[in-house]
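Dear colleague,

I am handing over the structure below, together with the notes I made on it. Could you look through them alongside the coordinates when you have time?

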Amino acid sequence: MAEKTNDKNLTSTQEDYLEAILELTEKRVVARNMELSSKLGVRRATVTRALKLLTQKGLVNHEMNGYVTLTDEGKAIARDILARHELFRHFFRDILNLEEDEADEIACKIEHTISGHALDKFRLFIKRADECEGKCPNSLKLKREEGCK
């Protein structure tokens, strides 16, 4: 069973910071305060306060020069969050056929709330939906023009 790796009592905002740092550091070795500020749409002072808390939790390394990296534990949690985000974005975009922006927005909200058994069941459902595409007479995937009536 895939349990959520977040045992640090992180808020959804803190999880968003970890996810953003992961995305930025995959492109470069370090993230910068100003990049996080821009990516998350918050002031740099807000970023500094959030990074201080994440550093205290042992999830982030924050240098005085503004360089930010994830600790191994922070990286593991961020990867888990990103995997959940991608799972839900795939569901809303590719199975329910929502527009990319809407799918991404909904995925971002749900990724913070679901874990454990419910997440395992959701993964299984999506796996079956993906395997069924084109083979099953009543595919679970919706066409964009379909909707609730």
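In this predicted model, Asn33, Met34, Leu36 and Ser37 of helix H2 are in contact with Arg44, Val47, Thr48 and Leu51 of helix H3, where contact means heavy atoms within 4.5 Å and helices are DSSP runs (H or I, at least four residues) numbered from the N terminus. By class, the residues of this contact of H2 with H3 are four nonpolar, three polar and one charged; Ala, Val, Leu, Ile, Met, Phe, Trp, Tyr, Cys and Pro count as nonpolar, Asp, Glu, Lys and Arg as charged, and the others, Gly among them, as polar. The axes of H2 (residues 33–40) and H3 (residues 44–56) come within 9 Å and cross at roughly 110 degrees, the axes being lines fitted to C-alpha atoms over the stretch in contact, with angles from 0 to 180 degrees between N-to-C directions. H2 and H3 are therefore roughly perpendicular to each other, a term used for angles of 65 to 115 degrees.

The axes of H1 and H3 come within 11 Å, crossing at roughly 95 degrees, which makes H1 roughly perpendicular to H3. Here Gln14, Tyr17, Leu18 and Ile21 of H1 meet Thr46, Val47, Ala50, Leu51, Leu53 and Leu54 of H3, and this contact has eight nonpolar, two polar and no charged residues.

Asn97, in the loop between helix H4 (72–95) and helix H5 (100–110), has a positive phi of about 65 degrees although it is not a glycine.

As for confidence, the chain averages a pLDDT (the predictor's confidence in each residue, from 0 to 100) of 86, and 84% of the residues score at least 70. Over residues 1–5, however, pLDDT stays under 50.

Residues are numbered from 1 along each chain as its sequence is written, and side-chain values use heavy atoms, with hydrogens and water left out. Local features need pLDDT of at least 70 and side-chain atom pairs count only at pLDDT 80 or more, whereas totals for chains, interfaces and linings use all residues.

Best regards

Note on methods. Helix = DSSP H or I, 4+ residues; strand = E, 2+ residues; numbered from the N terminus. Parallel < 35°, antiparallel > 145°, perpendicular 65-115°, else oblique.
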